[in-house]
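Some questions and answers follow on how terms are applied to a structure. Each answer sets a value against a definition.

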Amino acid sequence: MAKIIKHSWAEPYKIKMVEPIKVTDRPYREKAAKEAGYNTFLLKSEDVYIDLLTDSGTNAMSDYQWAGLMMGDEAYAGSKNFYALWDNVKKYYGMPYFVPTHQGRAAEHMISKIMIKPGDYIPGNMYFTTTRVHQELAGGTFVDVIIDEAHDAKNTHPFKGNIDPNKLEALIHKVGAKKIPYVCMAGPVNMAGGQPFSMANLKEISALTKKYGIKLWFDATRATENAYFIQQKEKGYEKKTVAQLLKEICSYFDGIWVSAKKDGFIATRNKKVFEEARNMVVIYEGLHSYGGLAGRDMEAMARGIEEMVKPENISMRVKQVEYCGKQLESYGIPLVKPYGGHAIFLDAKQFLSHLKQDLFPAQSLASEIYEDSGVRGMERGLVSSGRDPKTGEQRYPKLELVRLTFPRSLRQEKEN
Ligand code: P70
C-alpha cells in the first residue's frame with residue numbers, strides 16, 4: 001500500500017464528477033445583490049460562483065457514502081441503516097443512546113423542551129442562533145460564559161472556545177444551581193470564529209458542574225475539528241488520534257446533539273432523557289428509528305462518521321482553512337485569529353472601520369464581496385444576533401464577522 005502523507009492541506013482524493021457553475025460579471029451581481037436586499041441568504045444559488053455560505057449540506061460525499069445511498073432501507077420502522085448509524089454513534093462518540101433528527105436544530109428543540117423549565121438559565125460558550133432560540137422558546141435565558149478573549153478578533157489565545165469557570169461559578173451563585181438545568185458547551189465555537197476549547201478547560205468545567213449537580217451537554221457539531229485542535233495545540237495530547245480524542249471529549253458529557261449538516265441526532269448516556277426524546281421525536285420528526293431522515297441518508301451519515309476522524313481528512317480540512325487565512329493575511333485583510341476549523345472569519349469592524357455597527361458592517365462586507373467576486377459568505381454580526389425576546393432591543397455583539405466557510409470533501413480510506 002502506498003504511504004499516505006499525513007497532515008497536509010493537499011486533497012487526499014480525486015474528483016470524479018463536476019457540476020457546472022455560472023460565471024457572471026459585476027453588473028449582473030450588483031443587480032442580484034440588490035434584488036436580494038444585500039442579504040447573501042436571499043441570493044439564488046445559481047447566481048453564486050463560489051459558495052462559501054456554509055458547510056451545511058454543501059459538502060461533497062465520498063464514493064463510499066454514495067455507495068451507501070444504494071443500501072437505503074426505507075422501512076417505516078427499524079431500518080437497518082438506523083442500526084448502522086446507532087452503532088457508529090456508540091463506537092465513535094461513546095454514547096449508548098441515540099435518537100435521529102432531521103437537523104441539528106430539531107435536536108436542540110427537543111433537548112430544550114425536555115431539560116428547560118420557564119425561568120431557567122443556560123450558560124454556554126457564546127450563543128449559536130438556533131441553539132439560543134430554542135432555549136428561549138422553552139422559557140430559558142441563555143448566559144454567555146465564554147472567556148473574554150473570544151470576543152476579541154485579534155486575540156490569539158489558542159483555545160478561545162474555553163468557558164470561564166469564574167463566570168460560570170458567579171452565575172451559579174447568583175441564580176442557584178437548581179435554575180441551571182445544564183451547561184451547554186460547543187466546540188469549536190462557531191460564532192467566535194470556529195474556536196476550540198481545550199481538554200483542560202473541559203475537565204475543569206466538568207468538575208465544576210459535577211460539584212453543583214448540573215448536567216453538561218455538548219453541541220458536537222464539528223467536534224472532530226475541536227479534537228484535531230487539541231491534538232495540534234494542547235500539551236500531552238499530540239500522540240492521541242482524533243478518534244481517541246473525540247471519544248475522550250464526549251466522555252465528560254451527559255449528552256450531545258449534532259448538526260450533521262442537514263441531518264442531525266441526539267446521543268446521551270442519560271436513559272431518562274433518551275426515553276423522553278425517543279417519545280418526542282415521534283411527534284415532531286418521525287418514528288424514533290428515522291426521525292425525519294431517509295434510510296439512505298442515515299447510511300451516508302453512518303459512513304461519514306467513519307471518514308470524518310481519518311487523519312488525512314481532518315488535517316486537510318483544517319489546513320485548507322489555514323492556507324486561505326495565510327493568503328488573505330498576506331494581502332493585509334483583517335480576520336479572526338487563530339484561524340477557525342471550518343471557516344475564515346473576516347473582521348468587518350476593522351475592514352469597514354468607517355461604518356458604525358448600526359450600518360451593518362458585516363452584512364455590507366458580505367454583499368460587497370459577492371458583488372465584487374461572485375463569492376458568497378455569511379454575515380455573523382448584528383443581523384445574526386437579533387433582538388432580545390423580552391425587551392425587543394437589538395443585541396450588539398462585539399464581533400462583526402463575515403464567514404467564508406469551507407465545505408468538506410471526504411474520501412474513503414480503505415485500509416487503516
Ligand atoms: C452553519 C450551520 C448549524 C449549527 C451549528 C451549531 C454549532 C447547531 C446548528 C444547527 C447552518 C446554519 C444555521 C443557522 C444559521 C446559519 C447557518 N450551522 N449548532 O452554517 O444545526 O442547521 O442542522 O439545524 O453550526 O453554521 P442545523
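Helix pairs

Q: Why are α1 and α14 called roughly antiparallel to each other?
A: Angles over 145 degrees count as roughly antiparallel, under 35 as roughly parallel, 65 to 115 as roughly perpendicular, and the rest as oblique. In this predicted model, the axes of α1 (residues 26-35) and α14 (residues 361-373) cross at roughly 150° and come within 7 Å. α1 and α14 are therefore roughly antiparallel. Axes are lines fitted to C-alpha atoms, for helices over the stretch in contact, and angles run from 0 to 180 degrees between N-to-C directions. Helices (H or I, at least four residues) and strands (E, at least two) are DSSP runs, numbered from the N terminus.

Q: Which residues make the contact of α1 with α14?
A: Contact means heavy atoms within 4.5 Å. On α1 the contact is made by R26, R29, E30, A32 and A33, and on α14 by S367, E368, Y370, E371, D372 and S373. By class there are three nonpolar, two polar and six charged residues. Ala, Val, Leu, Ile, Met, Phe, Trp, Tyr, Cys and Pro count as nonpolar, Asp, Glu, Lys and Arg as charged, and the others, Gly among them, as polar.

Q: What makes α3 and α9 roughly perpendicular?
A: The axes of α3 (residues 80-93) and α9 (residues 242-251) cross at roughly 90° and come within 7 Å, so the two helices are roughly perpendicular to each other. K90, K91, Y92 and Y93 of α3 meet L246, K247 and C250 of α9 in this contact. The contact has four nonpolar, no polar and three charged residues.

Q: Where is the cis peptide bond with omega of about -10°?
A: That bond joins G187 and P188, and P188 is in the loop between β5 (182-186) and α7 (199-211).

Q: How confident is the predictor, by average pLDDT, in the chain?
A: pLDDT is the predictor's confidence in each residue, from 0 to 100. The chain averages 94, and 97% of the residues score at least 70. Over residues 411-416 the pLDDT is below 50. Where pLDDT is low, the predicted coordinates should not be read in detail.

Residues are numbered from 1 along each chain as its sequence is written. Local features need pLDDT of at least 70, side-chain atom pairs count only at pLDDT 80 or more, totals for chains, interfaces and linings use all residues, and side-chain values use heavy atoms, with hydrogens and water left out.
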